[in-house]
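Thanks for coming, everyone. I'll keep this short. Let me put the model up first.

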Amino acid sequence: MVYCKERRKYLIGWLKRIVLIGLTPPWFRGWAFAQKKHPREEAVMKLPMPTWHGTVSVEQAIKQRRTVRSFASRALTVDQLAQLLGSAGGITETKGYKRAAPSAGALYPMDLYVVVGQNCLPPIEAGVYRYEPGQHQLSEVLKDDLRSSIAMAALSQMWMADAPLIMVITAAYRRATVKYGQRGTRYALIEAGHIGQNIFLQAQALGLEAGIVGAFHDAELIDAMHIPSAHEPILLMPVGYALE
Ligand SMILES: Cc1cc2nc3c(=O)[nH]c(=O)nc-3n(C[C@H](O)[C@H](O)[C@H](O)COP(=O)(O)O)c2cc1C
């Protein structure tokens, strides 16, 4: 019943849009589209393609994985970041759209953001970036070292601020609930778990360590990161080298 209602609302929304588009002259549509272009849309960074060969077995990665809460200040490389993102939510089909982690109905309600610290991932500047799996690239959200603000929003778990990189898994539930109703929320949360474990195991295979944090104030985090409120943060995963 809930599913039917949601679906009807979605279809009516699209019908309205189609009628509106039909009623407006083409020059207006062109102008409106140009206005809509996000000012930061240009600030994208192509990432090196991930590699699908490694020296650490899945079994070893599973055995070694632990939640780590202290990190060395050593910087990470763009190759490492690209590999982590590719394994977390990258497209793994040669000709297709399916990704590293399973997704109910292949609807992919999750987004991945990365919070990079100052001098932590050269040449990428400190800031918040959104991963675009289709193009395997980062788009810039804002430039600033936000690690302390993120740690504060995570109930002052300040150890997180030492990690050079914090990966943030968010859910846009609507992409799943439009098909599955309330159950779509459950499916999105399950998907977050898959992505999180991929990050853990890939970090291990790269000789890195990762932590996992679910305790944070949602609104504070959304506010600090300047991300859409519809992208609800589910998990934060600090990543870096272990302290010697
Ligand atoms: C959903 C979830 C939320 C978690 N939140 C936190 C957290 O906020 N802070 C933290 O230090 N650890 C957090 N953890 C890590 C757990 O404490 C950790 O997984 C557990 O102690 C088992 O240790 P291990 O991951 O090293 O095997 C979380 C783990 C999960 C799965």
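**Fold, core and ligand shell**

In the protein chain, 73% of the contacts with a separation of 6 or more are between residues 24 or more positions apart. Keep in mind that this is a predicted model. The chain has 244 residues, and 38% of them count as buried. It holds 8 helices and 7 strands.

The 7 strands make an open sheet, ordered 1-4-3-2-5-7-6, with antiparallel pairing. At the edges sit strand 1, residues 44-46, and strand 6, residues 209-210, each pairing on one side only. As a reminder, strands of a sheet pair through backbone hydrogen bonds. Now look at strand 2, residues 110-116, and strand 5, residues 165-171. These two are antiparallel, with 7 bridges between them. Y113 faces V168 of strand 5 across that pairing.

Next, the helices against the sheet. Helix 4, residues 78-89, lies across strands 2, 3, 5 and 7, at about 160 degrees to strand 2. Helix 8, residues 218-225, lies across strands 2, 3, 4, 5 and 7. Its angle to strand 7 is about 65 degrees.

On to the core. Which residues touch the most other members of the largest nonpolar core? They are I150, L165, I166, M167 and L236, out of 62 residues. Helix 7, residues 183-205, gives the most to this core: 7 residues. In general, nonpolar side chains in soluble globular proteins tend to be buried together. Take M167 as the example. Setting aside neighbours within four places in sequence, M167 contacts L84, A88, L112, V114, I199, M237 and V239.

Now the ligand. Around it are R66, T67, R69, Q157, I212, V213, G214 and A215. By class, that shell has 3 nonpolar, 3 polar and 2 charged residues.

Last, some backbone details. P122 and P123 are joined by a cis peptide bond, with omega about 5 degrees. P123 is in the loop between strand 2 and strand 3.

Then there is the loop between helix 4 and strand 2, which holds A106 and Y108. A106 is not a glycine, yet its phi is positive, about 50 degrees. Y108 is not a glycine either, and its phi is also positive, about 50 degrees. Is A106 buried or exposed? A106 counts as exposed, because it has 10 C-beta neighbours inside 10 Å. Y108 has 20 C-beta neighbours inside 10 Å, so Y108 counts as buried.

Methods: Residues are numbered from 1 along each chain as its sequence is written. This is a predicted model: local features need pLDDT of at least 70, side-chain atom pairs count only at pLDDT 80 or more; totals for chains, interfaces and linings use all residues. Two strands pair if DSSP finds at least two bridges between them. Helices (H or I, at least four residues) and strands (E, at least two) are DSSP runs, numbered from the N terminus. Two residues are in contact if their C-beta atoms, placed from the backbone, lie within 7 Å. Axes are lines fitted to C-alpha atoms, for helices over the stretch in contact, and angles run from 0 to 180 degrees between N-to-C directions. A nonpolar core is a set of buried Ala, Val, Leu, Ile, Met, Phe, Trp, Tyr and Cys residues joined through C-beta atoms within 7 Å. A residue is buried if 20 or more other C-beta atoms lie within 10 Å of its own, exposed if 12 or fewer, and partly exposed in between; C-beta atoms are placed from the backbone. A residue is near a molecule or strand if its C-beta atom, placed from the backbone, lies within 6 Å of it. Ala, Val, Leu, Ile, Met, Phe, Trp, Tyr, Cys and Pro count as nonpolar, Asp, Glu, Lys and Arg as charged, and the others, Gly among them, as polar.
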